[in-house]
Every structure is written in C-alpha cells, then in structure tokens.
Amino acid sequence: MASQNHDPATASVVTTRKGATPSRGTDQGSVAMRLQQELMTLMMSGDKGISAFPESDNFFTWVGTIHGAAGPGYEDLRYKLSLEFPSGYPYNAPTVTFLTPCYHPNVGTQGNICPDMLKDKWSALYEVRTILLSIQSLLGEPNIDSPLNTHTAELWKSPTAFKEYLQETYLKQVTSQEP
C-alpha cells in the first residue's frame with residue numbers, strides 16, 4: 001500500500017510499493033528540492049567518515065567521500081565516489097561509482113558497485129546518507145558469494161595477504177592520481 005509523507009518540507013516525497021509509478025515528485029525541480037534536503041540532512045547528521053556535495057551548481061551530480069570502515073585494511077583509506085541522480089530520483093536509484101580505484105570483491109575494475117540496495121532492492125526511502133553508509137559498511141563486510149572481482153574475493157579469504165595487497169594497491173593508485 002502506498003503511503004504519503006505529510007511533512008510540508010518533504011511533500012514531494014511519496015513512498016510507493018515496488019514497481020508502482022509515482023504520481024508526484026519526478027520533475028527536475030522536485031528532485032533538486034529533495035537533493036537539497038538530503039544535503040542538509042547529510043551535513044547535519046554528524047556521521048563520521050562520510051560526506052558528499054553537489055559538483056558545482058549541478059544538483060544531479062555529486063562527489064562523495066567515504067573513509068574505510070574499521071576492519072580488514074580499509075580503516076585508513078579514503079575513497080571518492082561519483083553519484084549521478086536520474087530525473088526519476090528517488091524512485092530510481094542513482095548511479096554510484098568509485099572515482100578512487102577500490103580493490104574490493106564487490107567493486108569492479110571500472111569502479112562500479114554491486115550492492116543490492118542500488119539495484120533490485122532500491123527504495124525511495126533511501127537517501128545519499130544511507131547510500132554512503134551502506135557502501136562504507138560494504139567495504140568491511142563484502143558479499144564474497146556474489147563478487148564483481150573474483151580475484152579479490154579469493155584473496156579476501158586470506159586476511160593478511162588481502163590487507164597487504166590492498167595497502168600496496170591503494171598507495172600505487174592514489175600516488176599515480178596526484179597532480
């Protein structure tokens with residue numbers, strides 16, 4: 001059953017059941033308003049290790065940053081991501097890719113990401129903050145049963161070797177990207 005948010009500040013946000021066509025909120029103006037609200041929420045959230053901002057004046061293209069979660073070698077690493085919002089956002093998931101090369105079982109060599117929440121489990125209730133926290137969590141807890149990078153998934157089974165290779169790879173790639 002569809003429900004509607006009656007908060008005037010977020011009146012353009014409508015929750016629908018999966019597969020339903022939204023009746024409001026799909027024009028670019030309401031998408032930009034939703035993204036402005038999400039930016040404010042993100043900035044005021046106090047969440048450590050995540051941030052994102054629109055690229056220049058374009059509210060449909062953002063650059064995000066996540067700091068690796070504690071655990072298997074990502075804790076001191078920082079990654080930049082690109083978030084591209086479609087005109088049908090929030091009913092259609094954004095395209096999120098790593099700009100900083102990320103050596104991870106669920107991240108492809110071109111930076112594409114494999115979490116279900118950005119594909120078939122997407123919900124209009126998700127927001128930029130939720131996406132970044134989910135990806136940050138994914139770094140520490142990959143789904144090695146469904147990898148995009150099988151070599152990394154195999155290496156993941158040996159934590160010491162994985163951490164060593166991750167650190168080496170990260171340093172090489174980040175150093176090569178510096179001006």
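This is a predicted model: local features need pLDDT of at least 70, side-chain atom pairs count only at pLDDT 80 or more; totals for chains, interfaces and linings use all residues.
Hi everyone, let's begin with helix α1, residues 28-44.

Now, which residues of α1 are buried? They are Ser 30, Val 31, Ala 32, Arg 34, Leu 35, Glu 38, Leu 39 and Leu 42. Their cover includes strand β3 (50-55), strand β4 (58-67) and helix α2 (128-140). Just after α1 you'll find Gly 46, with a positive phi of about 75 degrees.

Let me step back to the chain as a whole. The protein chain has 4 helices and 6 strands, and along the sequence they follow the pattern β-β-α-β-β-β-β-α-α-α. Of its 179 residues, 40% count as buried. The chain exposes about 9,900 Å², with carbon and sulfur atoms supplying 52% of that area. If we take the contacts with a separation of 6 or more, 55% of them join residues 24 or more positions apart.

On to the sheet. Four of the strands form an open sheet in the order β3-β4-β5-β6, with antiparallel pairing. The edges are β3 and β6; each has a single partner strand, so one side of each is left without a neighbour in the sheet. On average, neighbouring strands here are turned by 25 degrees against each other, direction ignored.

How do the helices sit against this sheet? Helix α1 packs on the sheet by touching β3 and β4, and its direction makes about 25 degrees with that of β4. Helix α2 packs on the sheet too, touching β3, β4, β5 and β6, with its direction at about 130 degrees to that of β3.

Looking at individual pairs, β4 and β5 run antiparallel and are joined by 7 bridges. One place to look is Trp 62, whose bridge partner in β5 is Leu 83. Next along, strand β5 (residues 78-84) pairs with β6 in the antiparallel sense over 4 bridges, and here Glu 84 stands opposite Thr 95 in β6.

Two loops deserve a stop. As a reminder, most residues other than glycine have a negative phi, and most peptide bonds are trans. In the loop between β3 and β4 sits Ser 56, which has a positive phi of about 50 degrees although it is not a glycine. Is Ser 56 buried or exposed? At 67% relative accessibility, Ser 56 counts as exposed. The other loop, between β5 and β6, holds Pro 90. The peptide bond from Tyr 89 to Pro 90 is cis, with omega near 10 degrees.

Last, the cysteines. How many disulfides are there? The count comes to 0. Cys 102 is buried, at 8% relative accessible area, whereas Cys 114 counts as partly exposed because its relative accessibility is 22%, and the cut-off for buried is under 20%.

Notes
Residues are numbered from 1 along each chain as its sequence is written. Side-chain values use heavy atoms; hydrogens and water are left out. A disulfide is a pair of cysteine sulfur atoms within 2.5 Å. Buried means under 20% relative accessible area, exposed over 50%, partly exposed in between (1.4 Å probe, protein chains only). Two strands pair if DSSP finds at least two bridges between them. Contact means heavy atoms within 4.5 Å. Accessible areas come from the Shrake-Rupley method with a 1.4 Å probe; for residues, only the protein chains shown count as cover. Axes are lines fitted to C-alpha atoms, for helices over the stretch in contact, and angles run from 0 to 180 degrees between N-to-C directions.
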